[in-house]
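Visitor: I am new to this structure. Please pick one part and take me through it closely.

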Amino acid sequence: KRGLKFLNDPKNYPWMLKDPRLCITFRTWLPLLNFIPAILYTYRHPLDVALSLHKREFERFEIPRGLRIWYVYNRRAVQQSDDLCRVVTSHHLVMVQPQVEFDRIYDELRYCGVDVPHKLTLSDVASFIDIKLQHGQSTLKDTVCEQDTSNINPPDSWKPSNDNQLKLYREVMRVYCALENRSAFRKGFAWDESIHDG
């Protein structure tokens, strides 16, 4: 109740709420809001996500589980934001061209009706973007989307132990590349509904 009171108070507009669980719970919250929010949809390279989860929670998050979680969260986020004003970006774009990307995000959020107070300056961007602190390296150097993802193999950072893991990797990378070229946001995009995060 306290959270909804804050979110529905016009004095607090515009606000931004960042919680990965919203990817799968957003439609539960939407009827409780006094207005329809814009969605800032951002994603990260799936192997970077899976390796990060594995490093933090070794026993619980083996690489295939991290890849499945990435897949399910992105599938649900695309589906749940399909009819909303959605601005799409990626960790990769923010890292390689932060000023250009933040200017574009600003413009598109304004188009969605979000009263963003101001654009970020170069010094604003420099104060919180440091490429040297980049944890996952796949995001910056993976060229998998230039290839046929149905035949690719994972990089040296992870070796699948069976054919099912290789199949999962290829499907996850197919979707990642579809996010990159924005085809994942088109009507009729094919998701593998058999992939679950458990």
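Guide: We start with a pair of helices, then follow their neighbours out to the strands and the disulfides.

The model is predicted, so to speak of local features a pLDDT of at least 70 is needed, side-chain atom pairs count only at pLDDT 80 or more, and totals for chains, interfaces and linings use all residues. Residues are numbered from 1 along each chain as its sequence is written, and side-chain values use heavy atoms, with hydrogens and water left out.

The pair is α4 and α9. Helix α4 spans residues 63-80. Helix α9 spans residues 163-180. Helices here are DSSP runs of H or I with at least four residues, strands are runs of E with at least two, and both are numbered from the N terminus.

Two packed helices are described by the angle between their axes and the distance between the axes. Here the angle is about 35°, and the axes of α4 and α9 are 10 Å apart. Axes are lines fitted to C-alpha atoms, for helices over the stretch in contact, and angles run from 0 to 180 degrees between N-to-C directions. The crossing of α4 and α9 is left-handed. That means the near helix is turned anticlockwise from the far one by less than a right angle; clockwise would be right-handed.

Which residues make the contact? From α4 come Pro64, Leu67, Arg68, Trp70, Tyr71, Asn74 and Val78. From α9 come Gln165, Leu168, Tyr169, Glu171, Val172, Arg174, Val175, Tyr176 and Leu179. Contact means heavy atoms within 4.5 Å. By class, this contact has 11 nonpolar, 2 polar and 3 charged residues. Nonpolar covers Ala, Val, Leu, Ile, Met, Phe, Trp, Tyr, Cys and Pro; charged covers Asp, Glu, Lys and Arg; the others, Gly among them, are polar.

Look at Gln165, in helix α9. Gln165 is buried, with a relative accessible area of 15%. Buried means under 20% relative accessible area, exposed means over 50%, and partly exposed is in between (1.4 Å probe, protein chains only). Gln165 touches Pro64, Trp158 and Pro160, leaving out residues up to four places away in sequence.

Neighbours within four places in sequence aside, Asn74 is in contact with Tyr41, Tyr43, Leu179 and Trp191. Leu179 belongs to α9. Tyr41 and Tyr43 lead us to strand β1, residues 39-43.

In a regular strand the side chains alternate between the two faces of the sheet. Along β1, Ile39, Tyr41 and Tyr43 point to one face and are buried.

Strand β1 runs parallel to β2, and 5 bridges join the two. Two strands pair if DSSP finds at least two bridges between them. Tyr43 stands opposite Ser90 in β2. Thr42 has Thr89 as its bridge partner there. Strand β2 is mostly covered, with 5 of its 5 residues buried. Arg86, Val88 and Ser90 point one way from β2, and Val87 and Thr89 point the other way.

Next come the disulfides. The structure holds 2 of them. A disulfide is a pair of cysteine sulfur atoms within 2.5 Å.

One joins Cys145 to Cys177, S to S 2.1 Å. The angle about the S-S bond is -95°, and the link is left-handed. Cys177 lies in helix α9 and Cys145 in the loop between α8 (138-141) and α9, so the pair ties together parts that are 32 residues apart in sequence. Cys177 counts as buried, at 9% relative accessibility. Cys145 is partly exposed, at 34%.

The other disulfide is formed by Cys85 and Cys112, with sulfur atoms 2.0 Å apart. This link is left-handed, with -75° about the S-S bond. Cys85 sits in the loop between α4 and β2, and Cys112 in the loop between α6 (98-111) and α7 (122-128). The two cysteines are 27 residues apart. Cys85 is partly exposed, with a relative accessible area of 32%.

Counting bonded cysteines along the chain, the pattern is 1-2, 3-4. Cys23 is in no disulfide, and the nearest cysteine sulfur, that of Cys112, is 17 Å away.
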